[in-house]
Amino acid sequence: MSHNTFGHLFRVTTWGESHGPALGCVVDGCPPGIKLTEEMVQHWLDQRRPGQSKFVTQRQEPDAVRILSGVLSDERTNGQVTTGTPISMMIENVDQRSRDYSEIAQVFRPGHGDYSYFAKYGVRDYRGGGRQSARETAARVAAGAVARLIIPGVTIRGAVVQIGPHAVDADRIDFSTVRDNPFWCPDPEMVPVWEDHLEAVRKQGSSVGAIVAVEATGVPAGWGAPIYGKIDAELAAAFMSINASKGVEIGAGFAAASLTGEENADQMRMGNDGPIFLSNNAGGVLAGISTGQAITARVAFKPTSSILTPRGSLNEAGEEVEVRTKGRHDPCVALRAVPIVEAMMACVLADAFLRHRGQLGRDAFKPGEA
């Protein structure tokens, strides 16, 4: 069991290493007849691509995707469409600088997965971290592009809502503005604050953590399953699988611990088109099943451990050493995490939709229907 696959009916397997010749994914379970082109996938990959500002890693990767299987284009299909067979996609690595990591070939970087990988496997790819590198997430974004096509009625939007100590007020979050700035910031007034803060962090050769918020609208009531198929549990697992993620909240999350039962309960009233909720502390999920409200989550990312400040560690011989990490790194990984968080949510929701349809063969129950 190599644990490189996630999902049930919509299954994604990622492969490749940070400094290998290429990386990619295999998507299995996509229904046939869906229009899919490389340009459609590239649109999302370009949002995650490195080197787009001075506040992210300067590794210059075009992240150009190639679809190798699972699609057909001829006079009968009216364009390139999925065939229902596994979709294989490949992204070549073109700007590896493995020499940057030669000094740590026998050394464990504090805060990285070097030691735990070595303890488990007895061997590790020190060149950029191999499979533990965030470079792997490009494949997830490609898979998420396919997932979005399965649930076209669902809109998924993410934003960075906190960098270090500087947080956006909840009532000022506007997801429509996040692609207008390099910080994925939903509040234009916070942009210069984050810019000054990150510039200081970057010049120090240090790093800082952040929080990404994400929401999915258009999800009908009924997706997910109680107990072991909870949609919020699967979202949490998907988000926690992203590199550097250290915490996930659904809805009110940890803030719910300070609420009373009266404050936490999302009251319901009947509207013209079905139930109306007066709040959304549940984050659009009750008993593991979607309610029809927006599904909301927040993901906390730690500061990247690749910093220039020397930190105490060990080498493979057990000797005490000091380590400073050279190379090209993100001072705040969350600036490229938004497309990844969105992609993982898309994959989970596409899987939930297919499982819901497979189990019930119909849409969600609506009040007033027998």
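Guide: Let's start with a term: buried means under 20% relative accessible area, exposed means over 50%, and partly exposed lies in between, using a 1.4 Å probe and protein chains only.

Visitor: Okay! Is Arg-148 buried or exposed?

Guide: Arg-148 has 15% relative accessibility, so Arg-148 counts as buried. This is a predicted model, where local features need pLDDT of at least 70, side-chain atom pairs count only at pLDDT 80 or more, and totals for chains, interfaces and linings use all residues. Residues are numbered from 1 along each chain as its sequence is written, and side-chain values use heavy atoms, with hydrogens and water left out.

Visitor: Which helix is Arg-148 found in?

Guide: Arg-148 belongs to helix H3. Helices are DSSP runs of H or I with at least four residues, strands are runs of E with at least two, and both are numbered from the N terminus.

Visitor: And what does Arg-148 touch?

Guide: Leaving aside residues up to four places away in sequence, Arg-148 touches Trp-44, Ile-156, Glu-342, Ala-343 and Ala-346. Contact here means heavy atoms within 4.5 Å.

Visitor: New topic: at what angle do H3 and H7 pack?

Guide: H3 (residues 137-150) and H7 (residues 338-360) pack at about 45 degrees, with their axes 7 Å apart. Axes are lines fitted to C-alpha atoms, for helices over the stretch in contact, and angles run from 0 to 180 degrees between N-to-C directions.

Visitor: Which residues of H1 are buried?

Guide: In helix H1 (residues 38-48), they are Val-41, Gln-42, Trp-44, Leu-45, Gln-47 and Arg-48. These buried residues of H1 pack against strand E4 (65-67), strand E7 (87-92), H3 and H7.
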